[in-house]
Amino acid sequence: MVRTKQVGASVSGKGKSVASSSRQESGEEIVEESEHDSMEEDSDEDSVPLESRTGQREKRRKRRTSEVMEADAKLDWVESIPLRGFKSERQVNRRSFVNDNDIIILLENQGLRFWTRALLGYNEVGVIEFYQNLDTSEALTNGKIKSKVHNKKIVVDAVAIAKYLRYERPKGDLVNFPRSKPIDSDVINNDLYTTIPSIRVPPHKPGKFKDIYRVLNQVVHYNLYPRGAENKPSKRSVETMYAFMNDAEYRADWSRFIFEQIEKGISKGPYEKLDQPSPRVITKAVLVKSKSQSKASYSRNIRRAISFRFAFTRAISMKEKNERKKLAREVGELKHELHWHTQYIESTTDEKYVAPPRAEEVESEEEVLF
């Protein structure tokens with residue numbers, strides 16, 4: 001560290017400058033000593049075994065204050081958002097269901113006609129920034145979620161979601177779903193499947209659902225309950241579908257339901273990237289697709305057994321092939337070495353190589369490999 005002395009114009013100024021320079025020099029010595037001490041500490045730490053150093057760093061990490069830990073957690077959350085999964089809303093195509101409009105009637109009865117219209121999609125950068133700046137501290141007390149997108153404050157609550165969906169919320173005393181007590185699984189399965197499964201469920205198989213439930217499975221998992229997976233509906237998923245179907249018995253505030261999904265944030269799931277910004281459309285093609293996803297388990301097990309047997313046989317043949325290659329390489333190396341020795345002896349002596357007489361070949365039933 002280089003420090004320069006200042007010289008004043010007057011004597012008194014000069015004295016002051018000299019004093020200050022002496023203080024600077026002493027300060028420089030202190031800095032140098034501290035730097036030397038830190039270097040010694042680093043060298044001491046380098047001399048310590050790796051396991052001990054790891055333990056020391058772990059102790060230092062545990063000594064972090066609550067403010068530092070909270071800041072680290074916030075940073076981890078911000079950095080993880082672009083790597084998490086998102087789902088985009090999907091429109092139910094009216095034309096596709098014109099001859100079989102049960103799903104359209106169901107959506108209208110629930111006051112969710114919004115999803116039968118063309119959707120605008122979403123802004124990818126805006127969605128990521130919204131969740132990065134998510135503040136749910138007032139979600140339980142005031143029922144509000146706050147965030148910032150492009151330095152603009154955004155407040156989300158059930159009222160705002162209902163306004164977006166043009167949804168008329170039911171009165172509070174009529175709402176009885178979700179409920180703490182689960183719905184009877186046998187009742188749900190009887191309403192869900194065309195043929196009641198003989199095996200224990202879940203896991204549920206959407207391809208064996210009734211047609212209306214197969215379409216509703218897509219609507220629920222893309223528009224209401226994105227935390228679930230439509231190819232493997234969970235118990236919570238099928239309860240939501242059952243309540244949606246039986247609106248006379250179960251009443252839900254769907255804007256509040258959606259708010260709770262936002263409140264819980266984003267969980268890692270089977271979706272590794274964002275859906276396309278332009279929303280896809282739910283059509284009757286989902287009926288064919290979901291059936292193809294749920295073929296008979298017996299034939300699937302047969303295919304797996306055949307695949308395993310083929311893979312096992314191929315592994316054995318590959319092992320034998322590699323052993324043959326290794327043996328052939330070793331024989332070739334021995335031949336090369338013997339040829340070199342033979343050439344050396346013939347070039348340095350008068351002796352010439354003479355092949356030994358061959359024994360008479362005896363016919364054998366055994367297979368000759370080499």
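Trainee: Is the crossing of H7 and H9 left-handed or right-handed?

Mentor: The H7 and H9 crossing is left-handed, meaning the near helix is turned anticlockwise from the far one by less than a right angle (clockwise would be right-handed). Keep in mind that this is a predicted model, where local features need pLDDT of at least 70, side-chain atom pairs count only at pLDDT 80 or more, and totals for chains, interfaces and linings use all residues. Residues are numbered from 1 along each chain as its sequence is written, and side-chain values use heavy atoms, with hydrogens and water left out.

Trainee: Which residues of H7 and H9 make the contact?

Mentor: On H7 they are Ser 185, Val 187, Ile 188, Asp 191 and Leu 192, and on H9 Lys 235, Val 238, Glu 239, Tyr 242 and Met 245. Contact here means heavy atoms within 4.5 Å.

Trainee: OK, new pair. At what angle do the axes of H6 and H10 cross?

Mentor: Roughly 120°, with the axes of H6 (residues 158-165) and H10 (residues 254-263) coming within 8 Å. Axes are lines fitted to C-alpha atoms, for helices over the stretch in contact, and angles run from 0 to 180 degrees between N-to-C directions. Helices are DSSP runs (H or I, at least four residues), numbered from the N terminus.

Trainee: And what is the handedness of the crossing where H6 passes H10?

Mentor: That crossing is right-handed.

Trainee: Which residues in H6 and H10 meet?

Mentor: Ala 158, Ile 161, Ala 162 and Leu 165 in H6 meet Ser 255, Arg 256, Ile 258, Phe 259 and Ile 262 in H10.

Methods: Helices (H or I, at least four residues) and strands (E, at least two) are DSSP runs, numbered from the N terminus.
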